[in-house]
Amino acid sequence: MLHQGIILREGHITRTIYNLIKDKRYEDVIECIINLGEAANTRAGLSTLGYCYYHAQKYEEAATCYEQLCTLVPKIAKYKFYYAQSLYQAGIFVDALKVLKQIGDNVELKEQCLQLQSAILYSSEDFAGAQSVLNQRTGGTAETLNDEGCLLYQADQFDNAVQRFNTALQVGGFNPLIAYNLALSHFRKKEKTQAIDYTAEIVERGIRNHPELGIGAQIDTDGSARSVGNPITMALSGITQALNLKAAIEYNDGNVDSARDALLDLPPRAESELDPVTLHNMALTDPQGPVAGLRKLAFLLDLGPPACPRETFSNILLICCKHEMYETAADILAEHTDLTYKYLSQYLYELLDALITAQASAESAEKKLGTLASSLAGKLRSLAAKVQEVRSTTDQNALRTALKDYENALELYLPVVMARAWISWRDDDFVGAEREFRSSAEFCSENPVWRLNAGHVLFMQGDKYKEAAAFYEPIVRQHGDDIMTVSAAVLANLCVSYIMTFQNEEAEELMRKVEKAEELKGNMGKQYHHLCIVNLVVGTLYCAKSNYEFGLSRIAHALENGSGARLYADTWLHVKRCILGLLTGMAKQNIILAYPSVHEVMSFLKSCEINGIFTPANIYSASDEVPAEPLTIGLEARKLRLLLLKLSEYEND
């Protein structure tokens, strides 16, 4: 018999099948046995099929085989155990527990059954039941210690969980899955270095022991590596878990590119083959932004627990609110009320509820946020007093705990402060936003995010440039070695603040530093638009002060005279606003532009028309309806040039 190049000779079928199993060619074994006809329904055939289905991670098919074996040979308890194990892996927890009850009296399989039962209860989030079963198991083994650690982790007792996982590794030797649990516990304790060390060891061992998984092949082949599927060796190697944790660490630190690189190191798989956690993290690090990944997050949400990672629900809501898709967030909350109470903390629910409420009633939202802020501020004062009290003692552990509690409370307080300031900012009430920043300075004045946004609020008031510069300058000084790591908006606003406070030399010096750094990075193959944005903002400032001659020359310089490299919807928005301001002034005969300047603007618009003929002129959010034929920069530039031509001819008459 010939099957896809595999010759099954009479008398050598068993040897061939077992050689294929040895080579982990489970799919080939499955096809061979099925093609053998009646042999597939024998005890040997069903047993082999169940084994291969299980190791090919086709758990429902494996469960079907073992169910038939339980009927065929009901006295063999191990088949019932394998049946329950397959049901568990398929996520059919209730049926798995029923099968386990049928073999509960089997002494030989008792420990394995208890271990599987506790795993099922844990996955079902019945942690009390899992603890009850765990108490019946043999203590001190690596498996029991690991499961104890998992329950402690679930109860947020991370210190005790770390101890259990460490002991499990000492008792049973290195196990990548236990090492991952240890790394995750360190991550939750905010001990990033230890977490990264363990993930690095898991990855290093995975590369050395499983070259067939193609770890890192996605980067080496620019994402075109052939899929390796989902072999069980990948699940047991801990590679997927470790690299996802590494991505999470980078993402939490704001290094989205590094997080994306960590995910690219994963063994190559098609999107349909990805596990839920990887799909979730790829959605958050989508190159087009997290909004582009909403489809993947919505898909995971529809799967529901236990397949859906518990963070999915909160992340999809936070992304919607961050990108002002409040109606979508409200709909998701209404459709998944069961998940609201299960996966959202009371704090996060109140914060999201206030943000959504702000769309209908700013007053109601402010009231909700005010109550939340007052509660957290009281807690912070209490914790600050505790820190001072512990400092007077010599108990360093107590001091570390007190400081950690204070930092955790501050992490909760800061988003509430930003939300209250945002409500005022949204209504252009920058004085109200400043008031909120001043009231929270007691706790947040040293926080870099708070200082950055406080600077923005002062800058927007138009008469507090000196105060704004005092907030921006430390940010720039802090990154003096690499000014390109500073936000372009901060550099632009600081430059404007210098100009508006008659510190032109400082502004010019800052722009020279940016230009020099940008040229250096450009020679290294990296492209930055910092100088472009600074010139755009400075040019817009001069246009706003009716100095269109200098302002438009700065804008043209920022866009390299419309050559196309930096001409896109974001930059074009500033250009057309300034040009329209000029045209309005000329139409009202409030502005007279010298002919050479008119000619320069004409040439600039002509260049924008040529180079932007196919570039979209407008920015559309995820909730906007994009027209079938959106306007391009080229078309808008032509219209602006025509208007300028008409107004210039009118003035010359």
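I found Glu 560 in the loop between α31 (548–558) and α32 (569–587); helices here are DSSP runs of H or I, at least four residues, numbered from the N terminus.

For the record, this is a predicted model, in which local features need pLDDT of at least 70 and side-chain atom pairs pLDDT 80 or more, while totals for chains, interfaces and linings use all residues. Residues are numbered from 1 along each chain as its sequence is written, and side-chain values use heavy atoms, without hydrogens and water.

Next I checked Phe 502, also not a glycine, and noted a positive phi of about 60°. Phe 502 sits in the loop between α28 (488–500) and α29 (504–523) and is exposed, at 76% relative accessible area.

Then I turned to the nonpolar cores, meaning sets of buried Ala, Val, Leu, Ile, Met, Phe, Trp, Tyr and Cys residues joined through side-chain atoms within 4.5 Å. The largest has 91 residues, and Phe 313, Leu 317, Tyr 413, Trp 450 and Ile 483 touch the most other members. Helix α24 (residues 396–426) gives the most to this core, 13 residues. I place this core between domain 2 (345–461) and domain 3 (468–528), because both give residues to it; the domain bounds come from an automatic or database assignment.

Definitions and conventions: Helices (H or I, at least four residues) and strands (E, at least two) are DSSP runs, numbered from the N terminus. Buried means under 20% relative accessible area, exposed over 50%, partly exposed in between (1.4 Å probe, protein chains only).
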